[in-house]
Amino acid sequence: MKKHSLADYQAAYERIKSSDQFKRKFLQHMTINTTEFFRNKENFTYLQENILPSLLNKQQKVKIWSSAASIGCEPYTMAIILQELAINPRRYQLLATDIDPA
């Protein structure tokens, strides 16, 4: 906000709404564009060993959302884990989205 002499968040929001060029630059600055399979392995291990079994024992179907999915390595990793756990695909829904069109 300092770089563009914007007084507050409202001014930044208004600039994003009114300027496609500013919006593109803002999104470029805010997105990290980093993705890889099993990135932060300890987190995926914890999900596989603790979170997923617990959720699937309590619920018939689990919805998993991978936001900021980039090209899809992390959600694909989740699909691999679910396959390794031998979870029936009818028991989960996996959604991946990303704000960066590139």
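**Exercise 1.** Identify the residues that line the largest pocket of this predicted model, and determine which helix supplies the largest share of the lining.

*Solution.* The lining consists of Met 1, Lys 3, His 4, Leu 6, Tyr 9, Ala 12, Ile 16, Phe 22, Lys 25, Phe 26, His 29 and Met 30. The largest share, five residues, belongs to α2. Sorted by class, the lining holds eight nonpolar, two polar and two charged residues. The volume of this pocket is about 300 Å³.

**Exercise 2.** Describe the second largest pocket by volume, lining and residue class.

*Solution.* Begin with the volume, which is about 190 Å³. Around this pocket stand Asp 20, Lys 23, Arg 24, Leu 27, Gln 28, Thr 31, Asn 33, Asp 100, Pro 101 and Ala 102. Classification of the lining gives three nonpolar, three polar and four charged residues.

**Exercise 3.** For helix α4, compare its reach with the expected value, then state which of its residues are buried and what covers them.

*Solution.* Helix α4 spans residues 73-84, twelve in number. From first to last C-alpha it reaches 16 Å, close to the 16 Å expected at 1.5 Å a residue. With buried taken as under 20% relative accessible area, the buried residues of α4 are Cys 73, Glu 74, Pro 75, Thr 77, Met 78, Ile 81 and Leu 82. Their cover includes α3 (41-58), β1 (62-66) and β2 (92-96).

Definitions and conventions: Residues are numbered from 1 along each chain as its sequence is written. This is a predicted model: local features need pLDDT of at least 70, side-chain atom pairs count only at pLDDT 80 or more; totals for chains, interfaces and linings use all residues. Side-chain values use heavy atoms; hydrogens and water are left out. Helices (H or I, at least four residues) and strands (E, at least two) are DSSP runs, numbered from the N terminus. The expected span of a helix is 1.5 Å times one less than its number of residues. Buried means under 20% relative accessible area, exposed over 50%, partly exposed in between (1.4 Å probe, protein chains only). Contact means heavy atoms within 4.5 Å. On a 1 Å grid over the protein atoms alone, a cavity is a set of points where a 1.4 Å probe fits but cannot get out, and a pocket is an open set with protein on both sides within 12 Å along at least five of seven lines; lining residues have an atom within 4 Å of a point. Grid points are joined across faces, edges and corners, and a volume is the space filled by probe spheres set on the points. Ala, Val, Leu, Ile, Met, Phe, Trp, Tyr, Cys and Pro count as nonpolar, Asp, Glu, Lys and Arg as charged, and the others, Gly among them, as polar.
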